[in-house]
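Thanks for coming. Please have the structure open.

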Amino acid sequence: KKMADFIYVMKDGIVIESGTNKKIFTSPENIYTNKLISSQSKKKLNISKSNNTVLKVENLDVWYPIKKGFLKKTIDYVKAINKISFTLNEGQSVGIVGESGSGKTSLILAILKLIESRGKILVKNKDINFFNYSEILDLRKEIQIVFQDPYSSLSPRMNVEQIVLEGLNIHYPKLSKIEQKTKIIEIFKEVGLNYHECIEKYPHEFSGGQRQRIAIARALILKPSILILDEPTTALDVSIQSQIIDLLNQLQEKLSLSYIFISHDMKVIQAIADKVIVLRNGIVVEESKTNEIFKNPKSDYTSNLIRSVL
């Protein structure tokens, strides 16, 4: 829309519609063209009303030391995250947005306790900084993550059954084969995949959208209360993006899941988040309900993010 003067729309190897930029976007004639355009304009429909807090972050710092000299003496720090605080309620989606280098990845790694941090991270009112090994293992069940690229996040050497079972084998090693199969069939149904058609196949045999559904199934089979979604739609085309967003919204409503949704795409954030936190250089520049952020952004940085996409 921003670049082309004349547009050709292709499906299954043939041109199904063509025309000027204005004609295609204002009066598309083909159903498929309509679907592509409407896929980009979703808005969050189900707003969480729960006040039950499942995650609370207080004054979180993630500083990476800058070392210099033969003895590698620390001379300064890169402040990837600086004094960030927010809460996540049951059934709520918090969108974290910002450009590359804003601190999004450091934030989720700290919440997952994969890097050192300072400040409080409370999961269901328990500070994870004081967890022992057993409690950290339980935390892995409570918080799961779906990564950005479904083409690299699934092992090519494992079939779908092995991929989805991996978490169960670690956290519930005493489950029988029948109990495992029951759980896999149940979670496949939730994410819209056919168990019998998929279970023995390998990742390369699936489309990008199907792979992301498998990744979601792998995370949800442990029944987490919090799901971190690290740009899970970036590698997908717009129509598949729309399907994954619909799936995530349906799963959230059905299972009372809480989402931390990381993205740089404000359109995707608008479709899934209840509230938005805008990060820049490790600092929160703005935090508000999604509709307020889009209607009346208070910072120039947020305005630029919205304008660059919308």
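A polar contact, as I use the term, is a pair of N or O atoms within 3.5 Å; within protein, one must be able to donate a hydrogen and the other to accept it, and residues adjacent in sequence count only if both atoms are side-chain atoms. There is one at the start of helix H4, where a side-chain oxygen of Asn132 comes to within 3.2 Å of the backbone nitrogen of Ser134.

Some housekeeping before I go on. This is a predicted model, in which local features need pLDDT of at least 70 and side-chain atom pairs count only at pLDDT 80 or more, while totals for chains, interfaces and linings use all residues. Residues are numbered from 1 along each chain as its sequence is written, and side-chain values use heavy atoms, with hydrogens and water left out. Helices (H or I, at least four residues) and strands (E, at least two) are DSSP runs, numbered from the N terminus.

Back to H4, which covers residues 133-142. Buried means under 20% relative accessible area, exposed means over 50%, and partly exposed is in between, with a 1.4 Å probe and protein chains only. In H4, Ile136, Leu139 and Lys141 are buried. What covers them? The cover includes helix H3 (104-111), strand S6 (118-123), strand S8 (143-146) and H5.

Arg140 also sits in H4. With a relative accessible area of 23%, Arg140 is partly exposed. Contact here means heavy atoms within 4.5 Å. Setting aside neighbours within four places in sequence, Arg140 is in contact with Leu112, Lys113, Leu114 and His171. Between Arg140 and Leu112 there are 7.7 Å from C-alpha to C-alpha, and the two are 28 residues apart along the chain.

His171, from that list, belongs to helix H5. Is His171 buried or exposed? His171 has a relative accessible area of 16%, so it is buried. Apart from neighbours within four places in sequence, its contacts are Leu137, Arg140, Lys141 and Leu222.

Now the helix pairs. Two packed helices are described by the angle between their axes and the distance between the axes. Axes are lines fitted to C-alpha atoms, for helices over the stretch in contact, and angles run from 0 to 180 degrees between N-to-C directions. Angles under 35 degrees count as roughly parallel, over 145 as roughly antiparallel, 65 to 115 as roughly perpendicular and the rest as oblique.

H5 (residues 160-171) packs on helix H6 (residues 177-191) at about 115°, with 11 Å between the axes. H5 and H6 are therefore roughly perpendicular. From H5, the contact uses Val160, Glu161, Val164, Leu165, Leu168 and Asn169; from H6 it uses Gln180, Lys183, Ile184, Ile187 and Phe188. For composition, Ala, Val, Leu, Ile, Met, Phe, Trp, Tyr, Cys and Pro count as nonpolar, Asp, Glu, Lys and Arg as charged, and the others, Gly among them, as polar. The contact of H5 with H6 has seven nonpolar, two polar and two charged residues.

In the second pair, helix H8 (residues 208-220) and helix H9 (residues 238-255), the axes come within 10 Å and cross at roughly 20°. That angle makes H8 roughly parallel to H9. On the H8 side are Gly209, Gln212, Arg213, Ile216 and Leu220, meeting Ile240, Gln243, Ile244, Leu247, Leu248, Leu251 and Leu255 of H9. By type, the contact of H8 with H9 has eight nonpolar residues, three polar and one charged.

Next, backbone angles. Most residues other than glycine have a negative phi. Which way does Lys223 go, positive or negative? Its phi is positive, about 55°. Lys223 lies in the loop between H8 and strand S9 (226-230), and at 57% relative accessible area it is exposed. Asn59, another non-glycine residue, has a positive phi of about 50°. Asn59 is in strand S3 (residues 53-68) and is partly exposed at 45% relative accessibility.

Two residues remain. Thr26 is in helix H1 (residues 21-26) and is exposed, at 60% relative accessibility. The Thr26 side chain reaches the backbone oxygen of Lys22 at 2.4 Å.

Val285 is in strand S12 (residues 283-289) and is partly exposed, at 34%. Not counting residues up to four places away in sequence, Val285 touches Val278, Arg280, Ser299, Tyr301 and Thr302. Val285 and Thr302 are 8.1 Å apart, C-alpha to C-alpha, and 17 residues apart in sequence.
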